[in-house]
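Please find below a short note for someone opening this entry for the first time. The sequence and structure come before the comments.

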Amino acid sequence: MYDSHLRKIFGSQTDQFRQSKVLMVGAGGIGCELLKDLLLMNYGEIHILDLDTIDLSNLNRQFLFRQKDIKKSKAMTAQQAVGHFNHASKLVAHHGNIMDTNMFPLSFFTQFDIIFNALDNLEARFYVNKIALFTKIPLIESGTSGLKGQVQPIYPYETECFACIPKEQPKTFPVCTIRSTPSKPIHCITWAKNFLFPQLFGDDVSDQDKLKPQDIESDNKAEIEALLKESNELLDLKVLVNEAAPGDKGFVSKIIEKIFEEDIERLLRIETLWKTREKPEPLNCEPVKIKSLDGQKLWTVEENLALFINSTSKIAQRLKQGPVEFDKDDEDTLDFVVSAANLRSYIFHIPMKTKFEIKQIAGNIIPAVATTNAIMAGFSALSSIHAFHATMQEKVSKSKMVYDSNQPSRFVNTSGLAPKNPKCPACSVTRGIISIDLSKYTVDGLRKAIIDKYGYSDDIGIAEGTRLLYDYDFDDNLEIKLDKVCSYGNVLFISDADDELDSLELLVDKGDKLELPELEVSAKVVPEEKKEEEDEEDDLIIEGDDLIMEGDINGLDGPKRKAEDDMGPAKKRKYTADEVEVIEL
Ligand SMILES: Nc1ncnc2c1ncn2[C@@H]1O[C@H](COP(=O)(O)OP(=O)(O)OP(=O)(O)O)[C@@H](O)[C@H]1O
Ligand SMILES: [Zn+2]
């Protein structure tokens, strides 16, 4: 029998795998491994979804891909690559962004019994987490970062979700360190990538984006003035970039004069900055002719200057065809950041770095370790067996969270699943799916239906994402048909202006008429500390949690278990000896 080996391990559960449809989001480092594992488990139907195409740098660990596959769709290639494996699963590949609601409406997700995340960014992870909460489909979340890794089975509303523990945000530096007193290579790389690049090549900078005195954490008036002046002059340089004629490199000399000479001279005039620091020296050198440079070797300042001129004029030309964003795999943009960062380092007497090193830092690259991916993918696939127990209690109690151990004698630790965090912005919201034909109903029709169904007073707010559709002081849209202001797949936020009833999130699904989900909308529980504040100050406006959106949270890749919380005190989980299983490898 084809699955006799599986029966030896999983017994009659094997049939349940065979009858199930699962979705794998991401066909990269973890995804390639996971697909192989899901095939070995003999899942009935596996959908492989990825938005990206294969890059040379993927080949060292994404073992389903070969040199000939570069630039092809990851999802489609992964499907074809496993074609010759001896498997019986039906495979379906989707080349697209999981967050594209036209391509992947709610009805796409509801066909699955389990969703596996094999993603590399927080935005998409939060999105799938939210979909799992709306649909109550078990989600197995996984992530790796170098030698670290983690697998988290999520049973929506029963166990901790992906948003229950806040994620670490990327490290930031004070504006002054980046703009006037860098002391490490990372300060110069951040300046080149996050400040200079967008200033010269980004979309037109609006007034809102301009540096304001309050953005600069400095008491030094002269420094604030210098930085503001520097910013305004950069806007003039942007005009030069936009107007550069093909082949013209003259405008680059003006950029060099300003940022590597005049701005430095201006900083030097603020003597207080240099009492305890070594003074920078304005750039004073000529570019040399360069042919090909070895990215693993340190380049001279003259070579960096030549590369700066070349890459700046190339990017200026490319801008005529459309926007250019920094991408570590885009040679022109990487060359620009490498040379600009190195020139600045040279000026401030900071060691320069090789292109290879700067690519790692600017691209936030933590070398991916194929073995960590393989191990975590294995645990991810295995975790799914618990989704087939008869009761939720069993599913939850038998499932384990798996994460790397920092002790040398152990490779991974496991622990039981924690209950949901009552203060989690994702789990604590009452949610449901509204089935509606948006072309038939007006905002007012929707408003009335919601008030009737859930018992809100007249004073509710309706928003789609960050856009307000209606509230008591904004009734301009009332007679507008919903399809003009709202789309399928998006989420409507309903809030009670009187703050008496809980807020709601309604995912908009296509239907023939207007059907609201059966939901318990209970009286708002006012947290103790807020009650006290209310008692002290009668007219205090309490901001509800209603418009907090998970999608707004950006940050580091991968799940993190650090628990610093601004939504409430973070749970510090303590593992007792018998809770923690140690797997010795
Ligand atoms: N919103 C999304 N929709 C679909 N697939 C996504 C989405 N976001 C990320 N992915 C995919 O998830 C996969 C994650 O894999 P992995 O962490 O190995 O990253 P990678 O891009 O292949 O490698 P690297 O980042 O190291 O170059 C990638 O293939 C990526 O295209
Ligand atoms: Zn949660």
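Predicted model: local features only at pLDDT ≥ 70, side-chain atom pairs only at ≥ 80, totals over all residues.

1. Main core. The largest nonpolar core has 82 residues. Met24, Val25, Ile115 and Phe116 have the most contacts inside it. Helix 6, residues 122-135, gives the largest share of this core, eight residues. Both domain 1 (4-169 + 368-416) and domain 3 (430-536) contribute residues, so the core lies between them.

2. Ile115. Leaving out residues up to four places away in sequence, Ile115 touches Leu23, Val25, Val128, Ala132, Ile137 and Leu139.

3. Another core, of 33 residues, lies apart from the largest one. Val252, Phe260, Leu334 and Val338 are among its residues. As background, nonpolar side chains in soluble globular proteins tend to be buried together.

4. Helix 3. This helix has 12 residues and spans 18 Å between its first and last C-alpha atoms, close to the 16 Å expected at 1.5 Å a residue. Nine of the 12 are buried, which leaves helix 3 mostly covered. Asn42, which follows helix 3, has a positive phi near 70°.

5. Ligand 1. There are 21 residues around ligand 1, and Gly26, Gly28, Gly29, Asp52 and Asp120 come nearest. Helix 3 (29-40) and strand 2 (45-50) each supply at least two residues of this shell. By class, the shell has nine nonpolar, eight polar and four charged residues.

6. Helix 12. The 17 residues of helix 12 (residues 331-347) should span 24 Å at 1.5 Å a residue, and the end C-alpha atoms are 24 Å apart, which agrees. Helix 12 is mostly covered, with 15 of its 17 residues buried. Just after helix 12, His349 takes a positive phi of about 60°.

7. Arg318. Is Arg318 buried or partly exposed? It has 15 C-beta neighbours inside 10 Å, so Arg318 counts as partly exposed. Arg318 is placed in helix 11 (residues 301-318). Setting aside neighbours within four places in sequence, Arg318 is in contact with Val324 and Asp332. Pro246 is 72 residues from Arg318 in sequence, but their C-alpha atoms are 9.9 Å apart.

Conventions
Residues numbered from 1 in each chain as written. Chains lettered and ligands numbered in written order. Core = buried A, V, L, I, M, F, W, Y, C linked by C-beta atoms within 7 Å. Buried ≥ 20, exposed ≤ 12 C-beta atoms within 10 Å, placed from the backbone. Helix = DSSP H or I, 4+ residues; strand = E, 2+ residues; numbered from the N terminus. Domains from an automatic or database assignment. Contact = placed C-beta atoms within 7 Å. Expected span 1.5 Å × (residues − 1). Near = placed C-beta within 6 Å. Nonpolar A, V, L, I, M, F, W, Y, C, P; charged D, E, K, R; others polar.
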